[in-house]
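Hello,

Here is the structure I promised to pass on to you. Have a look at it first, and then read my notes below.

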Amino acid sequence: MDATSLADGSLVDRCLSIDLEVDAGKARIFRFAAVRHWDQKKAVFLSGNREAALDRFEDLACEAEFLLGHNIIRFDLPHLIALRPRLARLATKPIDTLWLNPLAFPRNPYHHLVKHHHDGRLQAGHVNDPELDARLVLEVLANQIAAFSALALETPAAITAYHYLTTCMPGNDGFDAFFADLRKAPRPETVKVEKAIIELLDGQACAWRIQQTLNRLSSPQLGWPMAYALSWISVAGGDSVMPPWVRAQFREASLIVRHLRDRACDDPGCHWCREKNDPKKALSRWFGFDSFRPEPKDDAGRPLQERIVSEAMQGKSVLGILPTGTGKSVCYQVPALARFDKIGALSVVISPLVALMADQVQGLARHGITGCVTINGLLSLPERHAALDQVRLGDAAILLISPEQLRSPPCAQSWRSARSATGSWMRPTASQNGGTISGPIIATSRASSVSIPGIKSPRRWSA
């Protein structure tokens with residue numbers, strides 16, 4: 001009798017979980033383990049005869065339907081095949097828990113065993129103990145199956161879309177079997193997938209750009225990025241961050257989110273764009289005011305606050321010079337909150353006025369806005385760690401930071417880990433460390449002469 005017939009037939013029992021320890025400098029495997037769940041049979045190499053251990057591993061792999069691992073596709077399998085090329089024939093149906101995790105756990109709290117907001121590695125990974133790590137991967141897979149099963153009951157369109165999108169490229173037979181087992185159905189047809197995606201994005205993105213995106217479904221390279229984009233959009237608005245490794249390996253994922261949700265289209269009938277890109281509606285939503293301050297005005301008689309916010313919400317860099325007491329803070333707060341809601345962008349506010357930072361945070365909190373954090377030299381170590389964690393975990397829309405903190409590696413790493421910073425408000429003194437902030441820049445000041453290196457021809461509005 002074939003060994004696989006002894007298992008109970010669950011997907012976990014049909015997998016062989018593997019983990020490697022590799023010398024990065026020499027690209028040499030110095031430890032590895034393979035564990036089968038249903039009978040606990042294993043092949044472990046810590047020292048001694050590596051070829052004999054590989055033979056035991058190969059025997060187990062021949063009996064398994066799927067090879068399982070955390071980053072198995074781009075790490076474990078290439079190293080194994082380089083060491084023993086004939087293993088390539090056994091690696092045609094991998095299942096990678098690293099790739100599945102952002103789809104199964106898109107919202108904070110993320111999976112407790114995975115560093116979601118960092119590099120995606122196992123949170124409780126055991127250096128020099130690949131057997132324990134291989135067992136952890138089996139636990140992660142079981143948790144992912146439970147999460148997807150719950151999602152299938154709540155939002156079946158999401159599982160339909162994921163099944164199609166994760167199996168567009170060759171070599172994804174493992175993921176096909178994974179979702180087929182969940183759905184009790186084969187890979188869906190394109191027409192059904194288009195219907196599912198439209199259902200998922202209804203009221204969540206620009207209607208015109210949804211159709212544009214659907215026209216690109218035939219591109220295999222966009223499968224996984226589209227899946228990650230849909231997953232993030234499903235929980236947009238806080239408590240979620242697209243993992244840095246996803247943005248690095250699947251750059252199109254964040255670009256798809258921005259394409260669908262960032263900028264307004266020209267169709268007056270597009271409810272999403274008219275609702276999410278209107279400065280007055282944004283002001284009303286976040287602060288409860290129906291209109292901006294009537295004074296000061298621009299040359300056309302439009303309130304200067306509204307003009308600055310409007311330009312910033314269109315993604316343009318703006319220089320605004322306003323008198324004291326005319327609401328400069330609103331000029332960056334409204335665009336920052338709008339972009340966080342739409343694309344999860346972190347807006348970095350750089351100001352030397354440390355004494356005013358706490359007032360900013362408290363003022364927003366009075367309006368029920370908790371996504372504003374501050375980092376400066378006056379914070380205690382626990383307060384600083386709490387602020388950095390809020391940024392890393394995707395809970396922060398606005399980061400108020402003093403100029404000297406730009407030189408702090410933990411600060412720079414935290415906002416890069418969370419989201420590439422796409423919006424900022426700068427004071428004249430905060431012009432150093434150029435290149436760390438990308439995207440539109442809003443500079444507001446009461447000074448009549450402001451110089452900001454690196455900003456070419458900003459829109460300039462002054463009272």
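Let me begin with the contacts. Residues 24 or more positions apart account for 67% of the contacts in the protein with a separation of 6 or more, where contact means heavy atoms within 4.5 Å.

Some ground rules before the rest. This is a predicted model, in which local features need pLDDT of at least 70, side-chain atom pairs count only at pLDDT 80 or more, and totals for chains, interfaces and linings use all residues. Residues are numbered from 1 along each chain as its sequence is written, and side-chain values use heavy atoms, with hydrogens and water left out.

The overall picture: the secondary structure comes to 18 helices and 12 strands. These are DSSP runs numbered from the N terminus (helices are H or I with at least four residues, strands are E with at least two). Of the 463 residues in the protein, 52% are buried; buried means under 20% relative accessible area, exposed over 50%, and partly exposed in between, with a 1.4 Å probe and protein chains only. The protein exposes about 20600 Å², and carbon and sulfur atoms supply 52% of that. Accessible areas come from the Shrake-Rupley method with a 1.4 Å probe, and for residues only the protein chains shown count as cover.

Now the strands, which pair if DSSP finds at least two bridges between them. Strand β1 (residues 15–23) pairs with strand β2 (residues 28–36) in the antiparallel sense over eight bridges, and V22 stands opposite I29 in β2. The two form a hairpin with four residues between them, and A27 in the turn has a positive phi of about 50°. β2 also pairs with strand β3 (residues 42–45), again antiparallel, over four bridges; here V35 has K42 as its bridge partner. This hairpin has five residues between its strands, and Q40 in the turn has a positive phi of about 65°.

Further along, β7 and strand β9 (residues 398–401) pair in the parallel sense over four bridges, with L399 in β9 as the bridge partner of V348. In a regular strand the side chains alternate between the two faces of the sheet. Both faces of strand β7 (residues 347–350) are covered: S347 and V349 on one side, and V348 and I350 on the other, are all buried.

E58 is buried, with a relative accessible area of 6%. Leaving aside neighbours within four places in sequence, E58 is in contact with R84, R86, L87, R89 and L90.

On a 1 Å grid over the protein atoms alone, a cavity is a set of points where a 1.4 Å probe fits but cannot get out; a pocket is an open set with protein on both sides within 12 Å along at least five of seven lines, and lining residues have an atom within 4 Å of a point. Grid points are joined across faces, edges and corners, and a volume is the space filled by probe spheres set on the points.

The second largest pocket holds about 470 Å³ of space. Its lining has 21 residues, with L151, E154, T155, S234 and V235 nearest the centre, and α4 gives the most, with four residues.

There are five cavities of 30 Å³ or more. Of the 11 residues lining the second largest cavity, P102, Y228, S231, W232 and P243 are the closest to its centre.

Best wishes
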